[in-house]
Amino acid sequence: MYGIFMESYVIFKQYGGSGYLLVLFAAALIYLLFAEKDMRKKLPVVIAPAVILFMYFVPFTRIAFVAIFDEATDTYYRILWLLPMGVVIAYAGCKLFAEHRRIGVVAVSVAIILCGRLVYKNENMLKAENLYHIPQLAIDICDRISPEEGEPRVRAVFPEEFIHYVRQYDTNILMPYGRDVVHWQYYNAVYETFQKPEVINAEELLAATREAKCRYIVMYKNRDIDTPLEDMGCEIVDTVGDYNIYEDPEMVD
Amino acid sequence: MVVLKALALLFWLVIIPFLMGLSVQWILPITKKTAGITFIIGYLLSFCVFEVIGIPCMIKIQYSAFKYCTRIFVCAELLIALIGAINLVQKLRYASRSGQFTIGVDNSVWNKVKTGFFLIFPGDEKSEAEALMNPRTDVRAIRLQCSKEGLFFWGVFFVILGFQLVMALVKAPFDGDDAYYVVESLLAQQADVMNTIIPDTGVSTPLPMRHAMAVFTMWQAFIAKVSFVHSTIVAHSVMPLVLIPLVYLVYAEIGRILFSRKPDSLPIFMIFVSLFTMFGNTSIYTAETFFMMRTWQGKAMAANLMLPLILWAFIWMFDDCRKPGYLWKEETGGGKVFVRNSAWIILMMVNMASGIMSSMGTVFCGGLSGFLAFLILIYTRNLKIVIKIILAMIPSALYIMCYMLIKMQ
């Protein structure tokens, strides 16, 4: 039981990051516990979150959660979504500075800013290059190989950096593997021959791509390969950015 | 063409939900008949109707399921919106005939628009100073005016909101799950399928039940299809512009009850909530991170729209507890059953709509509803609560039963 409790505690710590915002939340909750006299507000905004927080740490909750949500990844942290942290902090802030609103606005805002972390500073928050919010390079490559209206769909091999984006732009481009293979490390012959080796074995790669019926291979210009794909019968359709687009004539039909 | 697409988006994302909200506005007590709440229940209704249409289409129709789903849903939305529009016209015509637009000295167009607006949304009408001075006025039934300072704070909040909306457009958060959720929407739009193609590769697949029941991706695909905008643009660029304000609208309603007697505190509350949302990125797991970086994904909306909606419904119910009888009667238009239980009906709708967001959302919303209902039961000692919460949870129970049945097959 202690082990399960500690697991919950570690998840809680990971959820809170630096932890300052959780401290602010706890402080707001404790303040409201004493300051809020109206039970009609206290019960849903103060008592309920306090009980949920307590229940989060009870090992039986975690056991029940794992039993109900039979998922590959641990999503127990989502129980913490039930805590209305923003509402509790904001309500406590308003109540605490009810008589000194101007000071309160500044003080609580500064506290939230200092305790939290700006979402736009997240390393995954990139600059949008278009309304699709996917890299323009991916779009340019897709536009080059996308089948015309009425033509059959095409299958293309993309380097790992593009696999999340290709089918968000055009579902008429099929892929031999997607992010599932990368994420879960499933075996995939094309991925094994194209992405994993330091130096690609061209013969093995083409055997795998032909088996998977790939018409195009998109490859970084300076990617190490034992024999250039042109020498193996492929044609360079175009070069977009730093990527060559090869077409395998055997797969055209 | 761009203008037409923008107009189509405006039609399907603003006008239709608004009219849909008007069609069921009669369930609300007078004080809650506001533009904001009408918009919220319009969206809830849209999600609920989509669940009822989308899931059977997905399960029962083998080929071109999304095409049929779109057709049926278009008809359903237009029909409900039409009812709302008829309600609206009837109210305005009745008011016009009874001379309500010509009462008073000021006969300007602006005054007529204002009169018409408050006829449709009486809950938005703020009381004049004279009403407060009148000893017969019950201050608990009126909405107070905001001071200049309050208006300034509202301005600050709208600046923060505007900043967040601009950032939602100019920033592109990377999330691996988009390769699943956004592609599911795009597949529906481009290939007319409902979750029967593996998004990663494009190969056909049986329905993946873990995700398929959460048809929020299909709802977005519907918006994309009827507005002729690429699904990925709808998800990444359009949805945040609609869903972020919608979520704040819910928080504003929460704040409106918490600060019913201190209207100047409401904008401050909203400033704090919006800052918390923006600075809540303490890890990749927080609800706020999901909200700002994956706004278009069902689980983000389950955490940031559905759960606050449940909190709002219960804060509303708690607020209604032990209200003096005469006030209760005034608010509920004589105490009609539906109006007296409007918060419970909304709770039922939230529980139903949470199903389209994520299957986990259904369990979370059901669990939170049950727990808060237990607290309200203890507080009121009214056993009718048990019946009400059972009725409000029926959609969640049906959803889970459906999920289990299909999973077992």
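Colleague: In this predicted model, which residue of strand 3 of chain A stands opposite A:Arg155?

Modeller: Strand 2 (residues 154–157) and strand 3 of chain A are joined by two bridges and run parallel. One of the pairs has A:Val154 bridged to A:Ile173. For A:Arg155, the residue opposite is A:Leu174.

Colleague: And what does A:Val157 pair with in strand 4 of chain A?

Modeller: Strand 2 of chain A also has two bridges to strand 4 of chain A, and that pair runs parallel. The bridge partner of A:Val157 there is A:Ile217.

Colleague: Zooming out, which are the edge strands of that sheet?

Modeller: It's an open sheet of five strands in chain A, with mixed pairing and the order 3-2-4-6-5. An edge strand here pairs on one side only. That description goes to strand 3 (173–174) and strand 5 (235–240) of chain A.

Colleague: What about helix 7 of chain A: at what angle does it run to strand 5 of chain A?

Modeller: Helix 7 covers residues 136–145 of chain A. It lies across strands 2, 3, 4, 5 and 6 of chain A. Its angle to strand 5 of chain A is about 150°.

Colleague: Is chain A spread out or a compact globule?

Modeller: Chain A has eleven helices and six strands. Its radius of gyration is 27 Å, while the globule rule gives 18 Å for 253 residues, so chain A is more spread out than a compact globule. Along its principal axes, the C-alpha trace spans about 80 × 45 × 35 Å. So the pick is spread out.

Colleague: Which residue of strand 1 of chain B stands opposite A:Leu126?

Modeller: Strand 1 (residues 125–127) of chain A and strand 1 of chain B run antiparallel, joined by three bridges. Opposite A:Leu126 you'll find B:Ala172.

Colleague: How do helix 5 of chain A and helix 11 of chain B cross, right-handed or left-handed?

Modeller: Their axes are 9 Å apart at an angle of about 140°, which makes helix 5 of chain A oblique to helix 11 of chain B. Among the residues making this contact are A:Ile89 and A:Tyr91 from helix 5 of chain A, plus B:Phe269 and B:Phe272 from helix 11 of chain B. The contact residues split into eleven nonpolar, four polar and no charged. As for the crossing, it's right-handed.

Colleague: And helix 2 of chain B passing helix 16 of chain B: what handedness does that crossing have?

Modeller: The axes of helix 2 (residues 35–60) and helix 16 (residues 342–357) of chain B come within 8 Å and cross at roughly 50°, so the two are oblique to each other. B:Leu44 and B:Phe47 are among the helix 2 residues that meet helix 16 of chain B. By class, this contact has twelve nonpolar, one polar and one charged residues. The crossing is left-handed.

Notes: Residues numbered from 1 in each chain as written. Chains lettered and ligands numbered in written order. Predicted model: local features only at pLDDT ≥ 70, side-chain atom pairs only at ≥ 80, totals over all residues. Pairing = 2+ DSSP bridges. Helix = DSSP H or I, 4+ residues; strand = E, 2+ residues; numbered from the N terminus. Axes fitted to C-alpha atoms, helices over the stretch in contact; angles between N-to-C directions. Parallel < 35°, antiparallel > 145°, perpendicular 65-115°, else oblique. Left-handed = near helix turned anticlockwise from the far one by under 90°. Contact = placed C-beta atoms within 7 Å. Nonpolar A, V, L, I, M, F, W, Y, C, P; charged D, E, K, R; others polar. Rg over C-alpha atoms; globule rule 2.2 N^0.38 Å.
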